[in-house]
Amino acid sequence: ADIIGEKRETVQAWLNQEERDERDERGERGERGRRQYENRRVKEVKAPDLFNKGVQNPIFSGPQPGEKLVSFQAVGYAGEHKEQMLDPIAIANNRPHLIVFQDDEGASSRGLYDLSGSLAKIDRQSDVDLHVSVILLSDDPVAFDPYAGMFPALLERGVDVIALSKDGREGPEAYGLDRTVSQTFVLAKDGKVVHNFVIPQGGVYADPHVLGGIADIIGEKRETVQAWLNQETTGGREVRRR
């Protein structure tokens, strides 16, 4: 700075701006690559009854098929319900209902974004109003702060409610959730559980059997939903992948 006749503060600002520009460019390339990869990856929709088929000691978490959904209290975390006490079951009002009980593990939180992409495509194609609730489980609410920037996108991509369980990591007492499990998916119709999926470590991508369960509760064939999910969106129109 001295020999070129510039103030040190000026040169420091130049260097820091260049670093910021490089970080922004890397972030943009990474996001673009992620979207391209997501679009290329073929989505499968599998029979929900084949989930955990042959597993000798399956893990049970949450209400099981045939059981009635019980109302519970949660606090809105994002969107129109933010900071409001609410009852996700009452809001769903007996519509086909997907409830995701989600801990603060990073990979499974990112998996919600992948699932929401599928939900958005299903929402565009189906005449059935699928209600989706994401219930966050943690004894420390700030644990979800690193993912808070993702939540508005989820609300734009098929998720209706994002709320924090007022019962902490255990979740609603009446639901019997396993606190060692990262994700529990409960799918219900007419207020009763149809499918229950437990993914202990969570998943970065939407599970094909969960997608099959969604097809079931909205009354669509799995092949139909799989075709929907494997269409690309370009300029507002669906383009079927060859």
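Contact here means heavy atoms within 4.5 Å. The model is a predicted one, where local features need pLDDT of at least 70, side-chain atom pairs count only at pLDDT 80 or more, and totals for chains, interfaces and linings use all residues. Residues are numbered from 1 along each chain as its sequence is written, and side-chain values use heavy atoms, with hydrogens and water left out.

View A. His97 sits in strand S3 (strands are DSSP E runs of at least two residues and helices H or I runs of at least four, numbered from the N terminus). With 2% relative accessibility, His97 counts as buried (buried is under 20% relative accessible area, exposed over 50%, partly exposed in between, using a 1.4 Å probe and protein chains only). Leaving aside neighbours within four places in sequence, its contacts include Leu69, Pro88, Ile89, Leu130 and Ile217. Ser133 is on that list too, and the side chains of His97 and Ser133 make a polar contact at 2.8 Å.

**View B. Glu83 in its loop.** Look between strand S1 (74-76) and strand S2 (85-86) to find Glu83. Its phi is near 65°, a positive value in a residue other than glycine. Most residues other than glycine have a negative phi. Glu83 counts as exposed, at 66% relative accessibility.

**View C. Asn94 in another loop.** Asn94 belongs to the loop between helix H2 (88-92) and strand S3 (97-102). Here phi is near 70°, again positive in a residue other than glycine. Asn94 is exposed, its relative accessible area being 51%.

Technical notes:
A polar contact is a pair of N or O atoms within 3.5 Å; within protein, one must be able to donate a hydrogen and the other to accept it, and residues adjacent in sequence count only if both atoms are side-chain atoms.
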